[in-house]
Structure formats: C-alpha cells, structure tokens
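Colleague: I'd like to learn how to read strands, sheets and a helix in a model. Can you walk me through it?

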Amino acid sequence: MKFKKLLLLPLLMASLSGCNNGNIVDIQILSFNDFHGAVKQSEDGSQQGLLNFASTIIEKQNKVKNGTVLLSAGDMYQGSAESNTGKGKIMMDVMNKLGLEAMTIGNHEFDWGVDTIISQHDGDTKNGEANYDYLGCNIYQVQENKELSRVDWAKDYKIVERGDIKIGIIGWISTTCMNDIATSIISPYEFTNPAERIVDIAYKLRNEDNCDLIVAMGHDDSDFVNTELGTNTKAKIDLIINGHSHSSYVKENDGYNVVQSESNGAYLGVTNIRYNREEKKVISMTTVNEEIQDVKNKDQEIKTIIDDNLKDINKVVNEVIGKAGEKITKKIGGKWIANAIKGATGADVGIINAGGVREKAFPIAKGSDIKVSNIWEMMPFDNMIKTTKITGKDVKGLINNSDNFIFSHTTEEINALNDTQEYVVAACDYIFDKPEYCFQNGKDVTETLLLVRDAMIEDVKAWTKENLEFMPSQGAKVGKITQ
C-alpha cells in the first residue's frame, strides 16, 4: 500500500504541473467576466475584492504550473471609484502581474471613449498599460461610404501555447451591446452578427495554425449564438466563455462547455481539460464556478500593487461629505439623483436611466457616513448632464413610453404638466443622445459639461452646509452649478 502511494505521487505531480503523463496533457483555463473594478472587499463579505480574487488565481496557477490560461470576458474596469479614478490602471497592473492572456472588449470598455481603449496599448505605463490582448472579432468601423472595416484596436484572436499544446482564443461582443453604449461613442461603429465569423476564424486556427483547442469568449449571453458555435460542423469549439448578463452557470454539452461567472469577482470559472496529444482529442473536460473566499495567505506582491495604486485614490474616495438621516434604498436614491441633476442645472424636470443606478450601492443605513465612494458606487459611469426645452406633452410621452427612466417628479406630477408649455429638462447623456427619444429635437440643447456624479456630490455637501443630515427622500438642495 505504501508502495502504491509512492508510485502515484510522481504521476500526481506531473498532472499538477500541467504536463504530462506520456501523451496526456492537463490544461486549466481560468475565466471571469464583468469584474467592474471591484477592488475593495465589502464589509458584509458579498464582495471579496481584488486581493482575494488575485490570490485565488495565483493558488490555482501554482497547482497547474505551465498549464494554466487566464481569460476575461470583458467589463473589467468600470464600476468603482478605485478603478475609475485611474481609468482601470489598478486592474491592469494586477492583471499584468497575473499573466492575463486576453480580454474580450465589453460595452463598458467604451465608457471612456475609444481613445482610452487605444491608450491602454500605447506603451505609456503612466496611463495604464495592458500587457494582454483586447479581442473583438465583430467590431467594425462604419466608413463614409457605409462600408465596414475591422478596427485595429481589437484583435480577432490570440494563440497561446502551453507546452506543445496550442490554444486559439477568439473574442466577440454581443450585437445588443450597441444599445448599452452612449450614442456619441458608438455611432461610428457596428457590432456584426458573430457566429459565422467566429466559426471561420476557428477553422483557420484549426487547419492553418494547427491549434489543438479552441476557446470562444464573448461579452454575450446568447443561447442562440452559443448553440451555433458549439454545434457547428466546420470547426470544433471546445469551450465558450460568456459575460454581460452577470449570470452564474455552467452548461456541459456534448463536446463543448459553456460558462459564465456572475460579476464583481464573486466566482472564478475553472475548466480542466485532459488532452491526448497523440490522438489530438479532448479526453475529458470539466467546468465549475468556484466561489471566491477570504484567502488566508494573501499574495503580498499583489497587495503591494494594489496599495501603491490606492495611496492617492483613497484620499479622495474616503472623504466624508455627509451623514445619512434615513435608510437609503435604490428607489429613494434613484429619484434623488434625478432631483440632483434638476437642481444642479436649474431645470424643471430631471431624468436619468434606471440602469445607471447600481443596485450594489444600496441600502445605506441610517446614521452612516456618506463618502465620495458611496456616490461612485451609486453612479460609477461618467455620464454628463444635458438640458433642452421640450413641451409638457413631450415629457408625458417619455413617462408613458419608457419603463427605464427615473424622474424627479411623480407620475401624477408629470401628467399635470401643461401640454403646450415648454419645460427645461435635464437628462444624462446616455439617454439624451438616443435618437428614439425627443431630447435632441427640443430647443436650446445644452451640453453642461457637468457629470451626474458631481451633481450628486454637491447636493450631499449642500445638506451638510446647512447642518442637516442627508435626507434624499425629501428631494435635493443643490443650486444651479455653473462650469
């Protein structure tokens, strides 16, 4: 019995090293999506933070040395004060250290504009430099003649090698993500239907580049696309990694697996593949979503990277600007934000998109300090306020035609507006710029250059200046802000 244990030990060690027992090779693919700059560990433990997440990855990498591939399905940076302040630099620095191979571009990578995406591969480490590839095989630029050309800041694929096993990684973004990006940013671009193009690329990777394994990674959650990819007969795709919907699932199908790992670093997708190099086929493949826990032995190099990035950022985001005089829920907070942009612009009505107010920021307990970081958590996006004059009838049309807006006024108050009278309406640019709504057809369209988030911060400070606790259910106190 002792002899058998000793005999098994070297075989076990070979397996854990990523290679190999003769012709059998072990490959571990670690995947995540929609991290949204979740740098800090939350007090309630619902978010374990970047240090625990990265430390878990390092533990996994050490168990399958030379056989692990780390991948991200997009929306990595945008979502917290700690990450947004440096436009994702803290995330990039950590991912560089972890050896991230590739990231699919998600819709929120566009939030700071395409110039920022390009700058993250421009060689300047001061503004954040990603040592991993950005993928998006179906992102095209619309030319003046309406023809489409592939953008040069998103690659179709990346090939990585582990031992003598070649792994082709193809990235794409959902066509529906165009609706989730500000019109002013996305209008020169188009996301084409991805499936046929991905299959063609997979065929090239298999037959011209001699890839042994194919991973398709999309900032997408379409069962239809997944099925098209997984069941196609032209080029086998072994693993599909999803993102965007913040779902957590593993789907093990006949010959291919699909995984999505929630959001904010709650889970890590772990796919273990045993591959026979002689027969050139997958012997077995298992995929699980592992919940991230509070790691006892946190990696000190990662901790240093995070701490160095946070030195100046913490001074800003930890500033206390008020105290909550009531329990603040998303419903109360959303209506208050609409009131804050109304007050900050001197408008008659304020409107924001409900999806821009993030659920994870709430509730805020009565008596809690209100910090700048709380405001960033509520509204992490750099949405600007725009104003216009439209008729009461137009305002009513907005409240009747959209379930996605939050108004500064009740439905009854909106419906009481005079149909023919003109009202100044303030709205965040995300909804203001969409042509399906009436904002741009109004009079005196004004780009205020004031961020929604800044209006929120100034309103909390206005309560404090009056020696009052912050009571957002009572509206906003901020006056018109001039830039």
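Colleague: Let's start with a strand pair: which residue of β23 does M384 stand opposite?

Modeller: Strands of a sheet pair through backbone hydrogen bonds, either parallel or antiparallel. In this predicted model, M384 stands opposite L451 in β23. Strands here are DSSP runs of E with at least two residues, helices are runs of H or I with at least four, and both are numbered from the N terminus. Two strands count as paired if DSSP finds at least two bridges between them. β20 (residues 384-391) and β23 (residues 443-451) share 4 bridges in the antiparallel sense.

Colleague: And which strand is joined to β20 by 7 bridges?

Modeller: That's β22 (residues 422-428), again antiparallel.

Colleague: How many residues of β20 are buried?

Modeller: 6 of its 8, and the strand is mostly covered. Buried means under 20% relative accessible area, exposed is over 50%, and partly exposed lies in between, using a 1.4 Å probe and protein chains only.

Colleague: What is the strand order in the open sheet of 3 strands?

Modeller: The order is β7-β6-β10, with antiparallel pairing. β7 (148-150) and β10 (189-191) each have a single partner strand, so one side of each is left without a neighbour in the sheet. Neighbouring strands are turned by 40° against each other on average, direction ignored; the axes are lines fitted to C-alpha atoms, for helices over the stretch in contact, and angles run from 0 to 180 degrees between N-to-C directions. β6 (residues 139-142) meets β7 over 3 bridges, and Q141 stands opposite S149 there.

Colleague: Now the helix: which residues of α7 are buried?

Modeller: An α-helix has 3.6 residues a turn, so residues three or four places apart point the same way. In α7 (residues 195-207), the buried ones are A195, I198, V199, I201, A202, L205 and R206. Down the axis they fall within an arc of 165°, so they line one face of the helix; the arc is taken from the directions from the helix axis to the C-beta atoms. They pack against β8 (157-162), β9 (165-173), β11 (213-219) and α8 (223-231), where contact means heavy atoms within 4.5 Å.

Colleague: Where does pLDDT stay under 50?

Modeller: Over residues 1-18. pLDDT is the predictor's confidence in each residue, from 0 to 100, and the chain averages 93. Residues are numbered from 1 along each chain as its sequence is written, and side-chain values use heavy atoms, leaving out hydrogens and water. Since you asked about a predicted model: local features need pLDDT of at least 70, side-chain atom pairs count only at 80 or more, and totals for chains, interfaces and linings use all residues.

Methods
The expected span of a helix is 1.5 Å times one less than its number of residues.
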